Amino acid sequence: MLATIAALCLANALRGQTATQPAAQNNAPAKTQSAPAPAHDLTGVWMMRNPPGSNRGFTNYTFTKDPPELTPWAEEKFKQARASNGGEFTLKTTNDPVLTKCDPPGVPRVYFHPYPFEFVHTPKYTLMLYEYDHMVRRIYTDGRPIAKDPDPLWMGTSVGHWEGDSTFVVDTVGFNDKTWLDRLGHPHSDQLHVIERFHRVNFDHLELDITMDDPKALVKPWTTTFYYELRPNWELGEISCSGDYLDFSNFEK
Amino acid sequence: MLSRPFFAHHGTAAYDTSKVVTVKGTMADFRFVNPHVQLYFDVKNEKGETERWQAELTAPNKLSRAGWDKHTLKTGDSITASGYVSKNDARTMWINKLIGPDGQPLQLFEQ
């Protein structure tokens, strides 16, 4: 089945490519076909897209092929998790709080929703709007330091700054400990510190380096890179985690 | 690839993904709703009896970006749906190919 899906995706990708690009460039690496990145600007709608030819089948549900090294505290918590990975679950077999309770996903669990996000820059903060369940993050860029003892929030408290012209670095702390890091249920504590480095490689491509640091849950920081493409013609729609989501047990009888 | 288009919010475990079933039917109801678009259609079985099917597609936003809206299908439209059926209810389908009333396949995934 996966082979069929891969073939379908490839066919779709190729159709998209031939519609917008000269045939001679079809085999060139995607990154060379894009205009340069504008300075200090991530404006637009971005969708996850792994690089062509990469074999990263885990990016729908976790960060790395190999699991992170957990502390004993986190191991104990992880034993309670019943994953929602890979689609092979029903609402009765998982206890993913996002799916079963409509809990906000937290960061970086939010990146495992197969929907786009949008950056909106303002003079004092940058907004990240996620299509999934209207999630919003307000990333302050007014020079304030990272919060020292913030109140716990689902999506944390963020500050951001630019490194060079094309890398936006976001520091986030102040999470509650109710969310999972991924769809496998790897836990974190309220000491979680997430660093996201959004590197705009060129006009159309964004690489997101994520570092999760949590001395209570992770033996060492857990790091990954996710890849995104600009979708200039897309607008964010609405995905509401309402009761509708939880009614799906109807279809699992 | 890796954005697995068939990845449902509520999982695939309820469906038998080992075989694809194809049925022809007449639309009874079309709901362009979160989290997944719902189709209800009537199919004549081998005995000539009419059976009501329920089927789902992906999220409406994804279909919007593939050119759909709430009027793309309407009651009375003839469709041919192929997909996976529920392990426990033979008349619930997860559609992965859909031929519309004009005989042409409908695009089911955003580009």
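pLDDT is the predictor's confidence in each residue, from 0 to 100. This is a predicted model, in which local features need pLDDT of at least 70, side-chain atom pairs count only at pLDDT 80 or more, and totals for chains, interfaces and linings use all residues. Residues are numbered from 1 along each chain as its sequence is written, while chains are lettered from A and ligands numbered from 1 in the order in which they are written.

**Exercise 1. Find where pLDDT stays under 50 in chain A, and where it is below 50 in chain B.**

Step 1. Start with chain A. Its mean pLDDT is 85, and 82% of its residues reach 70 or more.

Step 2. Go to residues 1–29 of chain A, where pLDDT stays under 50. The model has 19 contacts for this stretch beyond four places in sequence. Two residues are in contact if their C-beta atoms, placed from the backbone, lie within 7 Å.

Step 3. Turn to chain B. The mean pLDDT there is 87, with 89% of residues at 70 or more. Over residues 1–7 of chain B the value is below 50, and this stretch has 23 contacts beyond near neighbours in sequence.

Step 4. Apply the rule: where pLDDT is low, predicted coordinates should not be read in detail.

Step 5. Take the complex as a whole. The predictor gives it an ipTM of 0.77 and a pTM of 0.83.

**Exercise 2. Trace the barrel of chain A.**

Step 1. Strands (E, at least two residues) and helices (H or I, at least four) are DSSP runs, numbered from the N terminus. Two strands pair if DSSP finds at least two bridges between them.

Step 2. Follow the order β1-β2-β3-β4-β5-β6-β7-β8-β9: nine strands close into a barrel, with mixed pairing.

Step 3. Look at one pair. β6(A) and β7(A) run antiparallel and are joined by six bridges. Phe168(A) stands opposite Phe198(A) in β7(A).

**Exercise 3. Work out which residues have the most contacts inside the largest nonpolar core.**

Step 1. Define the core. It is a set of buried Ala, Val, Leu, Ile, Met, Phe, Trp, Tyr and Cys residues joined through C-beta atoms within 7 Å. A residue is buried if 20 or more other C-beta atoms lie within 10 Å of its own, exposed if 12 or fewer, and partly exposed in between; C-beta atoms are placed from the backbone.

Step 2. The largest core has 35 residues, and Trp46(A), Val110(A), Tyr130(A) and Met212(A) have the most contacts inside it.

Step 3. Find the elements. Those of chain A giving two or more residues include β1 (44–48), β3 (125–130) and β8 (205–213).

Step 4. Move to the other core. Apart from the largest one lies a core of twelve residues, among them Leu39(B), Phe41(B), Ala55(B) and Tyr84(B).

Step 5. Return to Val110(A). Leaving aside neighbours within four places in sequence, Val110(A) touches Pro105(A), Tyr130(A), Tyr132(A) and Met135(A).
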